[in-house]
Amino acid sequence: MFINTHPTDRALRNAPPQKKRKTDLHDSREPHFQVGKAGLRDLSGTITHLLIHTGSPIFKSPDITKAWGSNTERLLRIEDHDFTMRPGFGGPAVPVGVDVQVESLDAISEVDMDFTMTLYLRHYWKDERLAFKSNHNQSMTFDSRLVKKIWVPDMFFVHSKRSFTHDTTTDNVMLRVYPDGKVLYSLRVTVTAMCSMDLSRFPLDTQTCSLEIESYAYTDDDLLLYWKEGNRSLNTDKGISLSQFLIQEFHTTTRLAFYSSTGWYNRLYINFTLRRHIFFFLLQTYFPATLMVMLSWVSFWIDRRAVPARVPLGITTVLTMSTIITGVNASMPRVSYIKAVDIYLWVSFVFVFLSVIEYAAVNYLSTLQERKERKLRERLPCTCGMAHPGMMSASYSEVDANTTGNYGIPEENGVKRERMLVQLAMESAQVTGHVGTSAYSNAWIDTHVIDKYSRVIFPGSYILFNIIYWSIYS
């Protein structure tokens, strides 16, 4: 094949060789290598290998996690098995151990009859389909992405109202697989569950609530659910505390639950006992109620004729007790039985109400007495200027209706002594012979006696009631 060349190129090829200058980069004595493409690839691989193993900062080791999904699935042989079926399908029930770490007990509601708990729920089982070879017998830990591709126990919370798995900053789910096929599955859950409370002793009560865990689909023939280490499977943080309750005890139990349409299921119970703090209710309910009852007793020491003082005092205490009862029941469920606090408040209300009735009786009897004395004065003869035995005053004078029973008798120690009108009638009969002793023997009723007795009976009865009440409920 003929190739046409330029005259200049031919002249250059035919020219004699010139001497090399000292400034040339290559010595003419050095051999000249010609390397093909295959040689370049081998040389590049050799240099890269040397730089990696000598720790050169220019090159880093390749990221082996770039093909995480395919490598993990090949290692665990996920595509070789049907993980919609439980481990050992057709054989004995697969044992699934459970342990729980209670992180917090957030709220207890008497109105809704429920509680809210945050916990770490961990499952342990063995699935030989996930066994893999490992030279160092090391486990592999994964997040929630692998959980969706393998079989996991289908646990749910019985009688739960609301529940969710935490997802901040990522899903709080962990899956750890060991070379022999053992699996640890852990998740962080907050659940609000029902708690049937007996409030008959409220607020001096003790409540026991339970969080129940059960498999939704697998009966005890397919899945054996158990506490991994008995009571030691339940751990609680030391900082758990509630404002209204004292946590007395946490313990675990296991039972079988029967459903008529599906069969028997293993059910795990997390039981905890709560005792209510009484101090809050003493300040907010018991002390105010007691003070209102004691305040109602003040009217027994007020003059029965001071109507503007005794009536408002009685009405105020009654209305205050009604407000206390309404406030307590507003924060409680509408149960059909009587609570301990209801007994105390309603008995206190009765004492306050009886103090008002007591003054009504005193006032009525005082009015009745005044009428009888007025009629008696009209029938008695005038004894002006006549001295009678036993009388401290020698004259009979007209008296005001508000000073019934006082006939000019002087005060002794600041207290007016009331003379019995019957005695006056009897003495007048001895002088004039106009009035018989039997006519006015029952005309006088000392209304002060009711107040005097009330000063003793009311406090004594209320103290006795408190002794009986606190001895029964405390």
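## Backbone features in the loops

Methionine 113 sits in the loop between strand 1 and strand 2, where strands (E, at least two residues) and helices (H or I, at least four residues) are DSSP runs numbered from the N terminus. The phi of methionine 113 is near 55°, a positive value in a residue other than glycine. For context, most residues other than glycine have a negative phi, and most peptide bonds are trans.

This is a predicted model, in which local features need pLDDT of at least 70 and side-chain atom pairs count only at pLDDT 80 or more, while totals for chains, interfaces and linings use all residues. Residues are numbered from 1 along each chain as its sequence is written, and side-chain values use heavy atoms, with hydrogens and water left out.

Cis peptide bonds are worth a look too. One joins threonine 168 and threonine 169, with omega about 0°; threonine 169 is placed in the loop between strand 5 (160–165) and strand 6 (173–177). Another joins phenylalanine 202 and proline 203, with omega about 5°, and proline 203 lies in the loop between strand 7 and strand 8 (206–215).

## Helix 5 with its partners

Two packed helices are described by the angle between their axes and the distance between the axes. Here axes are lines fitted to C-alpha atoms, for helices over the stretch in contact, and angles run from 0 to 180 degrees between N-to-C directions. Helix 5 (residues 279–296) and helix 7 (residues 340–379) pack at about 15°, with axes 9 Å apart, and are therefore roughly parallel to each other. Angles under 35 degrees count as roughly parallel, over 145 as roughly antiparallel, 65 to 115 as roughly perpendicular and the rest as oblique. The contact (heavy atoms within 4.5 Å) includes Tyr286 and Val293 of helix 5 and Tyr344 and Phe351 of helix 7. Its residues divide into nine nonpolar, five polar and no charged. In this scheme Ala, Val, Leu, Ile, Met, Phe, Trp, Tyr, Cys and Pro count as nonpolar, Asp, Glu, Lys and Arg as charged, and the others, Gly among them, as polar.

With helix 6 (residues 307–330), helix 5 packs at an angle of about 165°, the axes again being 9 Å apart; helix 5 and helix 6 are therefore roughly antiparallel. Among the residues that meet are Pro288 and Leu295 in helix 5 and Leu313 and Thr320 in helix 6. This contact of helix 5 with helix 6 has eight nonpolar, four polar and no charged residues.

## Helix 6 against helix 7

Helix 6 and helix 7 pack at about 165°, with axes 10 Å apart, and are therefore roughly antiparallel to each other. Their contact includes Arg310 and Gly314 of helix 6 and Asp342, Trp346 and Glu358 of helix 7. By class, the contact of helix 6 with helix 7 has 15 nonpolar, six polar and three charged residues.

## The second largest pocket

A pocket is an open set of points on a 1 Å grid over the protein atoms alone, where a 1.4 Å probe fits, with protein on both sides within 12 Å along at least five of seven lines; lining residues have an atom within 4 Å of a point. The second largest pocket has a volume of about 340 Å³, a volume being the space filled by probe spheres set on the points, which are joined across faces, edges and corners.

Its lining has 18 residues, of which Val94, Pro95, Trp125, Lys126 and Asp127 lie nearest the centre of the pocket. Strand 1 (94–109), strand 2 (114–126) and strand 7 (182–194) each supply at least two residues of this lining. By class, the lining has eleven nonpolar, one polar and six charged residues.
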